[in-house]
Structure formats: C-alpha cells, structure tokens
Amino acid sequence: MQNGFDFLHAALPWIAMGLLLAIFSARNASEKKKSQKTGDYGTEGLCLGLCFGSAIGASGVVNIGIGMSLGMLFGLAIGSCIKKRKDDNEKNGQ
C-alpha cells in the first residue's frame with residue numbers, strides 16, 4: 001500500500017502538468033478558430049486556484065508543490081468553463 005502512495009506522490013505533479021498543457025493547447029486552438037473573442041475567467045480562476053492550492057498545501061493536507069499545481073489546474077479548468085458576459089467585455093474595452 002505504501003508503494004502506491006509513493007508512486008502517486010511522484011506521478012501527480014507530472015499528471016497535473018500534462019493536463020495543464022492539454023488545457024492550454026485546447027484553449028489556444030479554440031481561440032484561433034473564433035473571429036470574435038469572448039472572454040472567460042481562466043486567468044482569475046488560475047490565480048484563485050493557486051491561492052487555494054497553496055493554502056491547502058500549507059495546512060499539511062498535501063505537499064505544497066502538489067497543492068499549488070493542482071490548484072492552478074482546477075482553477076484554470078473551472079475558470080475556462082465560465083464565459084464572461086458581453087457587457088463585461090465592453091466595459092473592459094475588449
């Protein structure tokens with residue numbers, strides 16, 4: 001059982017980086033296809049995920065490096081799914 005946890009702790013950052021690269025490449029490919037850009041909350045989600053992930057890591061639940069990387073991953077994924085309204089884009093000058 002301990003070997004499984006050791007493997008999970010060793011592989012989890014690599015899995016998180018792979019998923020993060022997949023999300024970034026999918027976002028860039030979809031944005032190039034669109035002529036009119038509609039914003040999303042990916043950046044805001046990334047920042048909030050980093051904060052929550054580092055807080056979870058600092059509390060001792062998981063390693064702080066794993067907490068930060070998974071927080072960024074989940075924050076970006078959730079923030080990318082939430083689209084900004086058109087009114088918000090016009091106020092920001094987009």
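How many of the residues in the protein are buried, as a percentage? I looked this up at the start. Buried residues make up 24% of the 94 residues. I keep in mind that this is a predicted model.

**Entry: overall layout**

I went through the secondary structure next. I found four helices and zero strands. Along the sequence the pattern reads α-α-α-α. Among contacts with a separation of 6 or more, 71% link residues 24 or more positions apart. I also noted the accessible surface, about 6,800 Å². Carbon and sulfur atoms hold 67% of that surface.

**Entry: helix 2**

I turned to helix 2, residues 42-59. What is its span from first C-alpha to last? I noted 25 Å for its 18 residues, close to the 26 Å expected at 1.5 Å a residue.

Which residues of helix 2 are buried? I listed G42, G45, G49, G53 and G57. These residues sit on the same side of helix 2, because they cover an arc of only 95 degrees around the axis. An α-helix has 3.6 residues a turn, so residues three or four places apart point the same way.

I looked at the other face too. Turned away from the buried side, helix 2 carries the exposed residues T43, L48, F52, A58 and S59. I checked one of them, F52, on its own. F52 counts as exposed because its relative accessibility is 57%, and the cut-off for exposed is over 50%. I also took a distance from F52.

Then I stepped past the end of the helix. Just after helix 2, G60 takes a positive phi of about 100 degrees.

**Entry: cysteines**

How many disulfides are there? I count zero. I wanted the reason for C51. The closest cysteine sulfur to that of C51 is in C47, at 7.0 Å, so the pair is too far apart for a bond. A disulfide would need the two sulfur atoms within 2.5 Å.

C51 is partly exposed, at 48% relative accessibility. C81 is exposed, with a relative accessible area of 65%.

**Entry: I64 in helix 3**

I moved on to helix 3, residues 64-81, where I64 is found. Is I64 buried, exposed or partly exposed? I64 counts as partly exposed because its relative accessibility is 39%. Leaving out residues up to four places away in sequence, I64 touches S54, G57 and A58. G57 is among the buried residues of helix 2, whereas A58 is among the exposed ones on the face turned away. I also compared I64 with G53. They are 11 residues apart in sequence, and their C-alpha atoms are 7.5 Å apart in space.

**Entry: S80 in helix 3**

S80 is also found in helix 3. Is S80 buried or exposed? S80 counts as buried, because its relative accessibility is 12% and the cut-off for buried is under 20%. I looked at where its side chain goes. The side chain of S80 reaches the backbone oxygen of L76 at 2.8 Å.

What does S80 touch beyond its neighbours within four places in sequence? I wrote down R27, D40, Y41 and G42.

Notes:
Residues are numbered from 1 along each chain as its sequence is written. This is a predicted model: local features need pLDDT of at least 70, side-chain atom pairs count only at pLDDT 80 or more; totals for chains, interfaces and linings use all residues. Side-chain values use heavy atoms; hydrogens and water are left out. Helices (H or I, at least four residues) and strands (E, at least two) are DSSP runs, numbered from the N terminus. Buried means under 20% relative accessible area, exposed over 50%, partly exposed in between (1.4 Å probe, protein chains only). Contact means heavy atoms within 4.5 Å. A polar contact is a pair of N or O atoms within 3.5 Å; within protein, one must be able to donate a hydrogen and the other to accept it, and residues adjacent in sequence count only if both atoms are side-chain atoms. The expected span of a helix is 1.5 Å times one less than its number of residues. The arc is that of the directions from the helix axis to the C-beta atoms. Accessible areas come from the Shrake-Rupley method with a 1.4 Å probe; for residues, only the protein chains shown count as cover.
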